[in-house]
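Have a go at each one before you look at the solution.

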Amino acid sequence: MGNTNETSFLALGGEWVITVINQQLQCLMGHRKTMLSEMACDAREGTSAAPGGAVTLDMSRVEALDASGCQLLASFVQVMRRDGVKAGVAEMPASFSELFESLGYHRVLQAADQAYEDA
Amino acid sequence: MTTANAKAANIDLNQFNGVFFEECSEHLEEMERVLLSLDDAAPDPDALNAIFRAAHSIKGGAGIFGFEDMTVVTHLLESLLDRVRNHQIPYSSAMTDLFLEAGDVVAMQLAGHREGKPFSAENVEQVSLKLQRLLDAVGASGEAAGSGADAPGAMRQTVIRRLEILFTPDRDIFQRGVRVENLVEELKELGELQTSATVSLPEDFAAFDPEACYTSWCFSLTTEASDNDIRDIFIFAAEEEQLVIREVRDEGEGELPPPDVAGRPAVEEESLSSQVHGRRAYDRDETAPGAFGRRSGENESSIRVSVSKADQLINQVGELVITQAMLSQVAASIDPVLHETLHRSLLQLERNTRDLQRSVMSIRLVPISLVFNRFPRMVRELAAKLGKQVELRMTGEGTELDRGLIEKITDPLTHLVRNCLDHGLESTEARVAAAKGPVGTITLKASQMGGRIIIDVIDDGAGLNREKILRKAVERGIPASDAMSNEEVWQLIFAPGFSTAETVTDISGRGVGMDVVLRNVQALGGRIQIESEPGAGTRITISLPLTLAILDGLSVGVGDHRFILPLNAIVESLQPKKEAVKTLNGMQVVNVRGEYIPILPLRELFNLHNGVTDPCSGIFVLVNVEGEQAAIMVDSLLDEHQVVIKSLEENYRKVPGAAGATILGDGKVALILDVPALLQIWKNRTYGRECPAGEVTTNE
Amino acid sequence: MNEQETIGLSGSGQTQEYLTFSLGSEEYGMDILKVQEIRGYDAVTQIANTPDFIKGVINLRGVIVPIVDLRMKFRLGNADYNAFTVVIIINVLGKVIGLVVDGVSDVVALAQDQIKQAPEMGAAVDTRYINGLGTLNDQMLILVDMEKLMSSEDMQLIEQTRH
């Protein structure tokens, strides 16, 4: 991932539920660290035209999702955007996106988008 | 919601399942109790509320703990009950039956989850359909005719409102197992819902705990539901101040308010429900006016202890009693003067042990209402099936008895009550023809008397038919004669083989006869007596020892055997003079202050090889059992002590004349004598009458 | 004495383990799974009006357990009670019962093909209660069905009307 202007895809899988949510966090944190250090690298080297990069969380292989999973996803997106990375969620299976929306977390993503755009 | 979510819920919450199962059980019992006490014509609003709350609590808990199947029926039940309590539909006795049925189905589902018992999905379907049909018949909206007279506070609001609900839960709701997914689903059922979540993250993301909840919600709900309806949904999830409900009157809400808006408790618009104080329904304060059927266990300060723990405690105290007895025995051979302190201390120990024992035994005491409580329902349903009109009266439900007895007395009592209903009480026509009221009465009475528990089953039916019983006994080859007194004839129904296929209807039992009832009662150290008057009714009296486990006894010796005589049967002991011993009608008696009391030589009763044969070299222990007196002859009196009753039947069988055994201080076993049974055996032997296999005891 | 030998399975079914004990001059075997423990004989309290082969009851760690003298029941050998008398405590049909025998040997494993059917001869123990005859090193073992035996009417241990 040399050029942070490209969108990187993070394929998520497994169960995003309260019982194992810590593991999922660890996984995400790992990726975040990598991204942040690369961003810092790029910034130093001046290789990117605009700050930040983009990451898309590919959810096609997620097996289970509950409120804590939605919260984690939304939080991660929020944090990444706070860090200046354009983050988004894609390929969410219909039942999960239903859940995501009925729990209201889609608003978090919208708000984060807004914040990003306002910045 | 995906099944994986449900799975996750179960993994998390299995440790709490036990609590849910118990609470659910209690709610179901409560529901049944209140339903049965309802006056169908004018149901008490408090009662209706109580039933509604019970159903609601079960539904809530079931949803949280992932038992979705239980929420189906309870949801329908709850909807119906809600309409009833809000006077939208009139109550009918058919509803009581349906609700009782629904309760049964939920109980079945509960048993399925709790014990892995299989249950019939068909039953669930059927009940759900019936409930649904009733619900549909009433219609979704609508005030039933006749509800106009209700106080304004009781009226449901049928106005549609746009509400904004702010929910700022605790950090730990995910970990507690609250399923926000379910809350959202329930809100959706109330109307149109839009949800918006806000996540407030810590500054340093490294501090983010994914199991914690950083989310707060804002729900936009367009609904007819009342604020209380909404609060009910959040019973388990939110403290009062964490849920703010307000009506939105303008079009276009604009900005969503920030999550940390200070909560102002929503104004209560209805007077029905009580305030929600705690997070969970079982914490909820139900002392508010109108609170009905509060679970008394939680009000008085008490703690739940598992039965096995209590039993273990009792066993251990029992062992302590034995050890103390051993110590006392050893001390008896130590010079009391030289070792005065030791003796005093041992006496103190004996007192302490006795007190401890008494306290511990009282743990096992429970009110007999636990058994009686099943009868209102049973009588109601059975009477309906038989087409008889029956009223059930119960007194003395507070009488306490040993828990072990409760479990074992239930079956015999049930059989007796069924018998009353089936055979004792006449049909309505027969009663009217006999100039009795059309409604038959069955009375269950419990009381304590003289160290025993007395349970009466009384009916005002046709009474026992002497001729019929005698005829049947002769038919079945049971020894009987016209010379028998009424009491003896009544006891014939306990003879094995008496009940046959033709008398045993499907209702009274499948081949379970009265002989089994007698045997069960006797196994508990109890007795049954019958009184009956043709045309007037029958009274069956069961008398049981107060407790199964401990007994104050007198140790006596015969030859090199030891026996224990229960102290409460003993009047006195004496050493007879030669002149006092006489023979009367072939039986040896002793003259005590002018009365001639039969002598019972233990040696002969138990066919022992050694022991004193001459009455004057022995000792008589005078016993009195419900008026009957006897002088039990033994070689020697040993000591008085408390003994722990051990079961003989556990591994062996019932020994005639013994009410169990005990382990003495030296580790040897001694039989505990069943005095009334001894009297009976002796009488049978003396009069040469055959002792029926069922070991019948009568009170002549 | 029986040597414990594990007979090689010739592929003819599972083995079952038996506790071997002696009554008189014969050797018997019973399902080891029903054996709870083995004790010496002492402190038996007589119970009145019981047949002679029911010696009475003992206190087994706080529980009352009946003691049956199999030698007397089947009239085998002398019913001596000395330091070598053995009581096998068994657990059948939910009851704990003690059996007085002359001696206890080893636990052996027998395969199906080592067990023959018992002929209807006049054995001391009624063939109703015998599962078969086992052979081990030229020794014949009479395999007793303890459950059937203990629940039979003539043992008088269990009330017959209760079934």
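Chain B has 20 helices and 22 strands in its secondary structure. Keep in mind that this is a predicted model.

**Exercise 1.** Work out what share of the residues in chain B is buried, and what share of its accessible surface belongs to carbon and sulfur atoms.

*Solution.* Start with burial: with buried taken as under 20% relative accessible area, 49% of the 700 residues in chain B qualify. Next comes the surface of chain B, about 32,800 Å², with 51% of that on carbon and sulfur atoms.

**Exercise 2.** Find the order of the strands in the sheet of chain A and say whether the pairing is parallel or antiparallel.

*Solution.* First, read along the sequence: chain A goes β-α-β-α-β-α-α. Then pair up the strands, and you get an open sheet ordered β1-β2-β3 with parallel pairing. The edges are β1 (7-16) and β3 (86-90) of chain A; each has a single partner strand, so one side of each has no neighbour in the sheet. Neighbouring strands here are turned by 25° against each other on average, direction ignored. Zooming in, β1(A) and β2(A) (residues 54-65) are joined by 9 bridges, and T7(A) sits opposite A54(A).

**Exercise 3.** Determine which strands of chain A helix α1 touches, and which ones helix α2 lies across.

*Solution.* Take α1(A) (residues 21-45): this helix packs on the sheet against β1 and β2 of chain A, at about 170° to β1(A). Now α2(A) (residues 67-82): this helix lies across β1, β2 and β3 of chain A, at about 175° to β2(A).

Conventions. Residues are numbered from 1 along each chain as its sequence is written. Chains are lettered from A and ligands numbered from 1 in the order in which they are written. This is a predicted model: local features need pLDDT of at least 70, side-chain atom pairs count only at pLDDT 80 or more; totals for chains, interfaces and linings use all residues. Side-chain values use heavy atoms; hydrogens and water are left out. Helices (H or I, at least four residues) and strands (E, at least two) are DSSP runs, numbered from the N terminus. Buried means under 20% relative accessible area, exposed over 50%, partly exposed in between (1.4 Å probe, protein chains only). Accessible areas come from the Shrake-Rupley method with a 1.4 Å probe; for residues, only the protein chains shown count as cover. Two strands pair if DSSP finds at least two bridges between them. Axes are lines fitted to C-alpha atoms, for helices over the stretch in contact, and angles run from 0 to 180 degrees between N-to-C directions. Contact means heavy atoms within 4.5 Å.
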